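Dear colleague,

Please find below the structure that I am handing over to you, together with its sequence. My notes on what was found in it follow.

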Amino acid sequence: MRTLASLSLVLIAVAAPAAVVQPLGTSNSVLIPAAGSTAGVNGTFFRSDITIVNLADHAQTVEFQWLPEPGGTGAGEGVTIPARSGIRSTDFVNDYLHRTGVGSILITAVTTVGPLPLPDPTGKLFVSSRIWTAQPGTNGTTSQSLPAIPFATINTESAAIFAMGGADDPPSYRVNIGVVNLDFDHAQTFAITWGPPLGAPVQTGTAVTIPPGSMVQVSTTGTCCTNPISITNITPPDTRSNRWTAYGSTINNVTGDAWDEIAVAVTTP
Amino acid sequence: MRALTAFAILLVATSLSAAVVQPLGAGFQLLIPAAGSTPGLNGTFFRSDISIVNLAPHDQIVQLQWLPAPGISLPQPVLLTLKQSTGIRSADFVHDYMNQTGLGAILVTAALNSDGSGIDQTGRLFVSSRIWTPQPGTNGTTSQDLPAIPASQLNTPAAAIFSMGGADDPPSYRTNVGIVNLDPVHAQTFFIIHFVQDPANSITITLPPFSMQQVSVGTIVPGEQIQIQNITQSGKSNFWTAYGSTINNVTGDAWDEIAVAGTTP
């Protein structure tokens, strides 16, 4: 599945990032909120097709940190990508992280490798990611893209997701919510609520506790599509962190057609 | 298909945008690079499921400008007002709100004045977009997301797309490239190439002001990147963007990538 060892670039990324498009996935450290290499139901097997491109004009050591679901084992792996080249794998979690299951991946340009790698501020990584599976009964596939998020921008007090559920025929779809806890010291607890009552306090929603450096994906039910889904961090203030993000994923029950939305960071009234 | 006319938001977006996640789809002027309401092959019909949310603490006049394919006249923009902390969603937005058919792009602008003129830089719009169709032979759908792009960030001398094509089985996929010319005055000419060693795999297209076009680039093999260069001779502008879209030939499974802006050596 490591179908591509490298891809060469002729394009040179412009040096002044403020003056150009800054894709969501370009940074020296980016988070893929959901990735996997895991069997699903009805003969499906979900894998992550991930591309990482080093846009810098120097070779780049890159560390991959696996943030598993609770009970899983985290891992750190790394590669060096030559200047202006990239790697791609259709089963990245297996091929590069040597892991199975569902988790998140924190990808960081580093200056050294080892237990305490130092982030490289000159790193310019582009990352694209999608989760795919062969579609049972066909010779084709089904998949959904998941944008990579620049780690430095993650500062989430509360979050909302607006466009979940299938507006054309709501009963034909299911919705999952994923939350990634990027605080590596403290567990965080979140209330997930679809529809009113929204805003603080929101302890009425599904409460999910996520260990440090891990992620959880849960199913949610609600009445599409009249209200957003809100995710509120209800961790006690002394250990509460804004280092988390969330996403929603809507899946068609018949075809597996799916799409996602990264939560918008907001504050509650 | 206008499944939802408005939804209320009780959350308040922070005003300190630099301190929070700034999703790709949030800003005062956003481009949906591809949207449509158009029949496809084999019984498909592609529609755009679009949500627009006003995250600002004030009512917002919103201007929606349809950027059509070349050869189609630029229509008058659509104006609407979103109450503070509310939004709209439609599963066939191009038909329901734009009163258009075919494939195009949509420029969503927080307007300053009731006639749609001016840009309200205090506007905080969130836009999500996907194109979907019923999947023939099933009771389900197939779709792909298309992120909305803050137009103020567009400054594209050249662009590249990296992860197109189906790496698991390349012949089972086809790839399209779309380009949006946001220059309101000048046509722009683009050179698209997806295999640098073989210039035969190149396409040149010219886009009128405020228009978009999607073209097929065939099968992408692993390792190929797609490059788009602006080769306009007169009136060259960096106010454009591009995307790639790969589609599975069997199921219609599809994904896209917004081109990365850069310069060429």
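I begin with one residue pair in chain A: Gln65(A) has Gly76(A), in E6(A), as its bridge partner. Please bear in mind throughout that this is a predicted model. The two strands concerned are E5 (residues 60–68) and E6 (residues 75–81) of chain A, which pair in the antiparallel sense over seven bridges. Six residues lie between the strands of this hairpin, and Gly71(A) takes a positive phi near 95 degrees there.

Chain A as a whole

The secondary structure of chain A consists of one helix and 20 strands. Of the 269 residues in chain A, 54% are buried. Among the contacts in chain A with a separation of 6 or more, 75% are between residues 24 or more positions apart.

Chain A is divided into domain 1, covering 4–151, and domain 2, covering 154–266. Across the boundary, 18 residues of domain 1 of chain A are in contact with 20 residues of domain 2 of chain A. On the side of domain 1 of chain A that touches domain 2 of chain A, strand E3 (29–39), E5, strand E8 (101–110) and strand E10 (141–145) of chain A each supply at least two residues.

Chain B: domains

For chain B, the domain assignment gives domain 1 (26–151) and domain 2 (154–262). The centres of domain 1 of chain B and domain 2 of chain B, taken over C-alpha atoms, are separated by 21 Å. Contacts between them involve 18 residues of domain 1 of chain B and 21 residues of domain 2 of chain B. Two or more residues of the side of domain 1 of chain B that touches domain 2 of chain B come from each of strand E3 (29–39), E8 and strand E10 (141–145) of chain B. By residue class, this side of domain 1 of chain B has 14 nonpolar, four polar and no charged residues.

Chain B: two open sheets

In one open sheet of chain B, four strands follow the order E16-E13-E18-E19, with antiparallel pairing. Its edge strands are E16 (211–218) and E19 (254–258) of chain B, each of which pairs on one side only. Neighbouring strands of this sheet are turned by 20 degrees against each other on average, direction ignored. Strand E18 (residues 240–248) of chain B runs antiparallel to E19(B), and five bridges join them. Within E19(B), Trp255(B) stands opposite Thr246(B).

Another open sheet has five strands in the order E15-E14-E17-E12-E20 (chain B), again with antiparallel pairing. Strand E15 (202–207) and strand E20 (260–262) of chain B each have a single partner strand, so one side of each is left without a neighbour in the sheet. From one strand to the next, the twist averages 25 degrees. Inside this sheet, strand E12 (residues 158–161) and strand E17 (residues 226–230) of chain B pair in the antiparallel sense over four bridges. Ala158(B) has Gln229(B), in E17(B), as its bridge partner.

The nonpolar core

The largest nonpolar core has 129 residues, of which Ile107(A), Ala263(A), Ile32(B), Leu125(B) and Ala259(B) touch the most other members. Strand E8 (residues 102–111) of chain B gives the largest share of this core, six residues. In soluble globular proteins, nonpolar side chains tend to be buried together. Beyond its neighbours within four places in sequence, Ala263(A) is in contact with Ala159(A), Ala160(A), Ile161(A), Ile231(A), Thr245(A), Ala246(A) and Tyr247(A).

A residue to look at: Gln60(B)

Leaving aside neighbours within four places in sequence, Gln60(B) is in contact with Asn54(B), Thr81(B), Leu82(B), Ala110(B) and Gly123(B). From Gln60(B) to Thr138(B), the distance is 40 Å in space, C-alpha to C-alpha, and 78 residues in sequence.

With kind regards

Definitions and conventions. Residues numbered from 1 in each chain as written. Chains lettered and ligands numbered in written order. Predicted model: local features only at pLDDT ≥ 70, side-chain atom pairs only at ≥ 80, totals over all residues. Contact = placed C-beta atoms within 7 Å. Buried ≥ 20, exposed ≤ 12 C-beta atoms within 10 Å, placed from the backbone. Pairing = 2+ DSSP bridges. Domains from an automatic or database assignment. Axes fitted to C-alpha atoms, helices over the stretch in contact; angles between N-to-C directions. Core = buried A, V, L, I, M, F, W, Y, C linked by C-beta atoms within 7 Å. Nonpolar A, V, L, I, M, F, W, Y, C, P; charged D, E, K, R; others polar.
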